[in-house]
Amino acid sequence: MGIFSRLAEQKIEEAVRNGELDNLPMAGKKLPVDDLSHIPEDLRMSYRIMKNAGYVPEEVSLRKECLRLHDLLAAARNDGEQEQLRRKLNEKQLRLQMLLEQRGLGSSGAFMQYESRIRERLLEE
């Protein structure tokens, strides 16, 4: 065990003895499963860090942006505004399509299988 691991263990034991960990929100409950088994082992820590920092992959943010533009387009009143929104939506959709093809997700069977679930989750947020 490295020196940092030992120091961490000592600090945890000290906090337990002092009762500092007694009133935590998840005390006595199972921690939620953070399943990253689909991510290669050498990338899991970096994915977890990015996830905890609120980072989302570009394709997810592009999908959200496309949904937002689609809603704005439906609510637009004049032709000039509709044309501008249509142009932006087309650009975002083209960028998304290119990203999906680059990453092999556009024709992936797994992607096709879960695409509807992904869309539902995006609509929920």
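Q: In which helix do E65 and R68 both lie?
A: In this predicted model, the side chains of E65 and R68 meet in a salt bridge, at 2.6 Å from N to O. The two residues are three apart, about one turn of the helix. The helix that holds both of them is α3.

Q: Is E65 buried, partly exposed or exposed?
A: A residue is buried under 20% relative accessible area and exposed over 50%, with partly exposed in between. E65 has a relative accessible area of 21%. E65 is therefore partly exposed.

Q: How many salt bridges does a search of the whole structure find?
A: One of them joins E65 and R68. R86 also forms a salt bridge with E83, with the closest N and O atoms 3.7 Å apart, and R95 forms one with E58. The search of the whole structure finds three.

Q: How many residues apart in sequence are the parts that R95 and E58 tie together?
A: The closest N and O atoms of the R95 and E58 salt bridge are 3.2 Å apart. R95 lies in helix α4 and E58 lies in helix α3 (residues 58-75), so the pair ties together parts of the chain. In sequence, these parts are 37 residues apart.

Q: Which helix holds both R86 and E83?
A: R86 is partly exposed, with a relative accessible area of 36%, and E83 is partly exposed at 39%. The two lie three residues apart, about one turn of the helix. Both belong to α4.

Q: How far does α4 reach from its first C-alpha to its last?
A: Helix α4 covers residues 79-102, which is 24 residues. At 1.5 Å a residue, 34 Å is expected, and the reach in the model is close to that. From first C-alpha to last, α4 reaches 34 Å.

Q: At the start of α4, which residue's backbone nitrogen does a side-chain oxygen of N78 reach?
A: The oxygen belongs to the side chain of N78. It comes to within 3.4 Å of a backbone nitrogen at the start of α4. That nitrogen belongs to G80.

Q: What percentage of the residues of the protein chain count as buried?
A: The protein chain has five helices and zero strands. In α4, the buried residues are Q82, L85, L89, L96, L99 and L100. Of the 125 residues of the protein chain, the buried share is 16%.

Notes
Residues numbered from 1 in each chain as written. Predicted model: local features only at pLDDT ≥ 70, side-chain atom pairs only at ≥ 80, totals over all residues. Heavy atoms only, no water. Helix = DSSP H or I, 4+ residues; strand = E, 2+ residues; numbered from the N terminus. Expected span 1.5 Å × (residues − 1). Buried < 20%, exposed > 50% of the residue type's maximum accessible area, 1.4 Å probe, protein only. Polar contact = N/O pair within 3.5 Å; in protein donor to acceptor, adjacent residues only side chain to side chain. Salt bridge = Lys/Arg side-chain N within 4 Å of Asp/Glu carboxyl O.
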